[in-house]
Amino acid sequence: MSVVSNSGRRKRVQTGRQFFIIGTLFSVLALFAVPTAAESERVPCATQAPQKRAFFGDLHVHTRYSLDASTQGTRTTPAQAYQFARGERIGIQPWTPDGKAERSLQLSSPLDFAMVSDHAELIGEVYMCNTPEFEGYNSWQCLVYRHWSRGAFYLFNYMATIEQSHLGQCGDDAALCLRAALQPWQATQQAAEDFYDRSADCEFTTFVGYEWTGMDSSNGGNLHRNVVFRNAEVPRLPASFIDEPAAHLLWASLRDNCNDSGSGCDSLVIPHNSNYSAGSMFTGLMDDGAPMTEEYAASRARFEPLVEIMQHKGASECYFEMGVTEDELCAFEQLPKDNIAGFNDPPTPNTGFVRKVLVDGLVIENELGVNPYQFGVIASTDTHLGTPGAAREDLFLGHGGAGVSAEKEIPLGLPDELIYNPGGLAVLWAHENSREALFDAMRRREAYGTSGPRIISRFFAGWDFPANLCEAPNRIERAYADGVPMGSILPNERGAHTRPTFLVTASQDAGTPTTPGTPLQRLQVIKGWVDASGQRHERVVDVAGNADNGAAVDLQSCAASGSGFADLCTVWVDKDFDPSERAYYYSRAVENPTCRWSQRMCAAAGVNCARPETISDGYEGCCVAEHRPIVQERAWSSPVWYSPASAPDSGALGVSASRVNGSSN
């Protein structure tokens, strides 16, 4: 793990001087200030959902302001990204010499919410190198950027993630690049303001946010996090890994410059791609490798209520290895490497998969009284094309991130590397589609993720749900009244012989008139717990549906066959419950098999692996052993936790102020 040294602390002091210089010299930029929440209040939403509604969105979107997107030809602005999320068609790379897009994309159904999350690191450099009138445009670094984009990608990223430094063209104290960063950060805020529906219709919500892009240089482990702000009150510049080179420094910056600043600013942080973290994202230790303290655990619980379980660069739910682990559904979109730097290290049970991290949190809670890993879950795309929500298998053209580039020309054959996928969607349960309601849903973890389809998932826990609750027309109202929803702590109110009950429901993606949704195959509950001796356990239970329903897919036509379920509902009782053991529970809804994006393209190209003459250039991947032609899309609920003692909720809403505000070093 990277250690925060004296040089790291000096950088924080240096950054303070940089912000002072910028604030003094460039206050003229106040002319372009974005209206704050207080200046631009919304009217009340005309429609309220007493039992809450599922709102679908994407909280991980990169545009032209991100280095990796721009060096692969992305020209999409934040405003265009929101236009796309609202259902408009936009053009994507490659571009003709006269600036016309050679490809385009459009969602089949608009999203309810979205957030542009460009990398905080290097946004000033990217803007500088694309703006002729800005000082530094003709520097050798910008010449490399414009004429050797791939070389610039590695050079700039090396300086930001390994050296934790800006480049030489940024001038003394990096002031020039920090000044350049103000413009794209303002443009990001303005786009969010312009496309936030403040009318009574409440059709679309935007969030201001960004990505903090850290890496463990010792193993290439991804430490990335997305920062989400509740409203238009945000720091003057986003805190980057260059300025705050450890997670606890990011939290401290957000605490001082946002959450505890008294300005009305509020934020939360979402770790992502723990499947690429080489075990460094959730070590059970503090950032410098020291044993975790109660204060550090509480800070993490306060700022990180959610984790991203699925996106373009793989699924992070759980680890699968043939003959070692039993849950074969964990093989879903598992990447062959455990790190983002490209080192040839395969994943292991300790790579950072969420299911193990959740049970690690129970162990730490036994020791410290605080659970730092009490995560709800979401999914998103991590698109680098500026196309939020583009997660359909049948429309996938790559995401322009870590995979195949289309900067110069349309890729021949498959548009992306086989290991990548279209990503997923974030889903939030709220009374209305507003920033306040959706942000509160994130903070209380009443959220879930899907691998792309718009599956509706509900998960409640209680002590006495009746066995016939699914038959009640007011079952959701009763579940809220007599239990707690996903993301909650199950109150420890009953005697030693009482067992928890769970209302578990899912409905298939309704689809569109031209593209119907896929039926569900089964509904599962996953339980993790720690026994009296400290041993970790997990169990996967099919609670509804039928894993042997005969559903299949023809690989040459991609036509699906067999039965399935439009809706599934059950009340499940944990008959093996031990009231003395900490535990978590979450649900997983699984669709019938369908063709993966890659197989759809292989079939459309007429590839038949039994006939080599049908394998044209660019489609060789259709027939390699690693190719996974079939996929079972799914939805993961956030967990519900049980604690044997009457302990406070260690999540964002329940940690005491003394714990939250304590030292996190």
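A nonpolar core is a set of buried Ala, Val, Leu, Ile, Met, Phe, Trp, Tyr and Cys residues joined through side-chain atoms within 4.5 Å. Buried means a relative accessible area under 20%, exposed means over 50%, and partly exposed lies in between, for a 1.4 Å probe and protein chains only. The structure described here is a predicted model, in which local features need pLDDT of at least 70 and side-chain atom pairs count only at pLDDT 80 or more, while totals for chains, interfaces and linings use all residues. Residues are numbered from 1 along each chain as its sequence is written, and side-chain values use heavy atoms, with hydrogens and water left out.

In soluble globular proteins, nonpolar side chains tend to be buried together. The largest nonpolar core of this model comprises 105 residues, and Tyr 210 and Phe 229 have the most contacts inside it. Another core, of 20 residues, lies apart from it; Met 128, Cys 129, Ala 160 and Ile 242 are among its members.

**Helix pairs**

Helices (H or I, at least four residues) and strands (E, at least two) are DSSP runs, numbered from the N terminus. Axes are lines fitted to C-alpha atoms, for helices over the stretch in contact, and angles run from 0 to 180 degrees between N-to-C directions. Two helix pairs are described here.

Helix H8 (residues 247-259) and helix H9 (residues 294-303) have axes that come within 10 Å and cross at roughly 60 degrees. H8 is therefore oblique to H9; angles under 35 degrees count as roughly parallel, over 145 as roughly antiparallel, 65 to 115 as roughly perpendicular and the rest as oblique. The crossing of H8 and H9 is left-handed, a term used if the near helix is turned anticlockwise from the far one by less than a right angle, with right-handed used if clockwise. From H8, His 248, Trp 251, Leu 254, Arg 255 and Asn 259 meet Tyr 296, Ser 299, Arg 300, Arg 302 and Phe 303 of H9, contact meaning heavy atoms within 4.5 Å. These residues divide into four nonpolar, three polar and three charged.

In the other pair, helix H5 (residues 140-147) packs against helix H6 (residues 149-162) at an angle of about 130 degrees, with the axes 5 Å apart. H5 is thus oblique to H6, and their crossing is left-handed. On the H5 side the contact involves Trp 140, Gln 141, Val 144, Tyr 145 and His 147, and on the H6 side Ser 149, Gly 151, Ala 152, Leu 155 and Phe 156.

**Val 269 in strand E9**

Val 269 belongs to strand E9 and counts as buried, at 0% relative accessibility.

**Backbone features**

Gln 93 and Pro 94 are joined by a cis peptide bond, with omega about 5 degrees; Pro 94 lies in strand E2 (residues 90-95). Two residues other than glycine have a positive phi, as listed below.

| Residue | Phi | Relative accessible area |
|---|---|---|
| Ala 278 | near 50 degrees | 18% (buried) |
| Asp 382 | near 60 degrees | 1% (buried) |

Ala 278 lies in the loop between strand E9 (267-271) and H9, whereas Asp 382 is found in the loop between strand E12 (376-379) and strand E13 (425-430).

Definitions and conventions. Ala, Val, Leu, Ile, Met, Phe, Trp, Tyr, Cys and Pro count as nonpolar, Asp, Glu, Lys and Arg as charged, and the others, Gly among them, as polar.
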